[in-house]
Amino acid sequence: MPQDMQQDKPQAMQRFDILKTAGLIDEAVYRAITAVRQQFVQWQIDCETAQVEMLLTHLAMALMRIQKGEPQTIGLDNEIWQEVTASECYPELLAYHQRILSLIAIELPHLLISAQEESYLIANLYSLSLEQQHIFNLNLQKNED
């Protein structure tokens with residue numbers, strides 16, 4: 001990619017370019033991460049935060065692990081999972097999660113994501129909702145209208 005085009009790309013996506021070039025993620029995972037990030041932008045989530053970078057990186061690594069037949073077999077710690085499911089925004093988190101899964105399915109249609117893996121993905125969304133509450137509340141209000 002020409003240097004000037006690389007500079008226009010968000011820093012987080014530059015990181016995924018490096019991961020793809022290094023063979024740590026493949027093209028389909030790269031496209032899935034790009035689609036998820038674009039959805040975040042549409043949801044007006046600030047994608048330049050460490051939390052979003054961590055969420056997207058975890059997602060990419062989880063997708064690669066699953067593709068290689070090495071899915072996470074132990075779910076999120078039960079105490080943490082209870083905190084997530086008891087949160088006021090849990091129904092909205094599930095809606096966000098389902099939308100993310102639908103974007104992943106476009107690029108990786110045969111990928112089966114286990115409940116254990118999903119628990120970590122939902123927990124990452126929960127952490128994001130704590131960091132950017134105003135966005136999650138705004139989107140919740142839009143969905144109620």
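Modeller: The expected span of a helix is 1.5 Å times one less than its number of residues; helices (H or I, at least four residues) and strands (E, at least two) are DSSP runs, numbered from the N terminus. The model is predicted: local features need pLDDT of at least 70 and side-chain atom pairs count only at pLDDT 80 or more, while totals for chains, interfaces and linings use all residues. Residues are numbered from 1 along each chain as its sequence is written, and side-chain values use heavy atoms, with hydrogens and water left out.

Colleague: How do you know that the reach of helix α7 is close to what is expected?

Modeller: Helix α7 covers residues 115–131, 17 residues in number. From first C-alpha to last it reaches 24 Å, close to the 24 Å expected at 1.5 Å a residue.

Colleague: What makes the span of helix α4 agree with its length?

Modeller: The 18 residues of α4 (residues 50–67) should span 26 Å, and the end C-alpha atoms are 26 Å apart, so the two values agree. Just after α4, G69 takes a positive phi of about 80°.

Colleague: Which secondary structure does the protein chain contain?

Modeller: The chain has 8 helices and 0 strands, in the order α-α-α-α-α-α-α-α along the sequence.

Colleague: Why is E117 called buried?

Modeller: Buried means under 20% relative accessible area, exposed over 50%, and partly exposed in between (1.4 Å probe, protein chains only). E117 has a relative accessibility of 1%, and therefore counts as buried. Other buried residues of α7 include L121, I122, L125 and L128. In α4 the buried residues include L55, L56, L59 and L63. Across the 145 residues of the protein chain, 44% count as buried.

Colleague: What makes E117 and R65 a salt bridge?

Modeller: A salt bridge requires a side-chain nitrogen of Lys or Arg within 4 Å of a carboxyl oxygen of Asp or Glu. The N to O distance between E117 and R65 is 2.9 Å, and their side chains meet in a salt bridge. E117 lies in helix α7 and R65 in helix α4, so the pair ties together parts that are 52 residues apart in sequence. R65, at a relative accessible area of 24%, is partly exposed.

Colleague: How do you know that R37 forms a salt bridge with E48?

Modeller: The closest N and O atoms of R37 and E48 are 2.6 Å apart. R37 belongs to helix α3 and E48 to the loop between α3 and α4, so this pair ties together parts 11 residues apart in sequence. R37 is buried at 10% relative accessible area, whereas E48, at 44%, counts as partly exposed.

Colleague: What makes R31 and E27 a salt bridge?

Modeller: The side chains of R31 and E27 meet with an N to O distance of 3.8 Å. Both residues lie in helix α3, 4 residues apart, about one turn of the helix. R31 is partly exposed at 35% relative accessibility, as is E27 at 36%. The structure holds 6 salt bridges.

Colleague: How is the packing of helix α3 and helix α6 described?

Modeller: Two packed helices are described by the angle between their axes and the distance between the axes. Axes are lines fitted to C-alpha atoms, for helices over the stretch in contact, and angles run from 0 to 180 degrees between N-to-C directions. The axes of α3 (residues 27–42) and α6 (residues 90–107) come within 9 Å and cross at roughly 145°.

Colleague: Which residues of α3 meet α6?

Modeller: Contact means heavy atoms within 4.5 Å. A28, R31, A32, A35, V36, Q39 and F40 of α3 meet R99, I100, L103, I104 and E107 of α6.

Colleague: Why is I135 called buried?

Modeller: The relative accessible area of I135 is 7%, and I135 is therefore buried. I135 is placed in helix α8 (residues 133–144). Leaving aside residues up to four places away in sequence, I135 touches W43, Q44, I45 and Y96. The C-alpha atoms of I135 and I45 are separated by 6.4 Å, although these residues are 90 residues apart along the chain.

Colleague: What makes Q44 partly exposed?

Modeller: Q44 has a relative accessible area of 44%, and is therefore partly exposed. Q44 lies in the loop between α3 and α4, and has a positive phi of about 65° although it is not a glycine.
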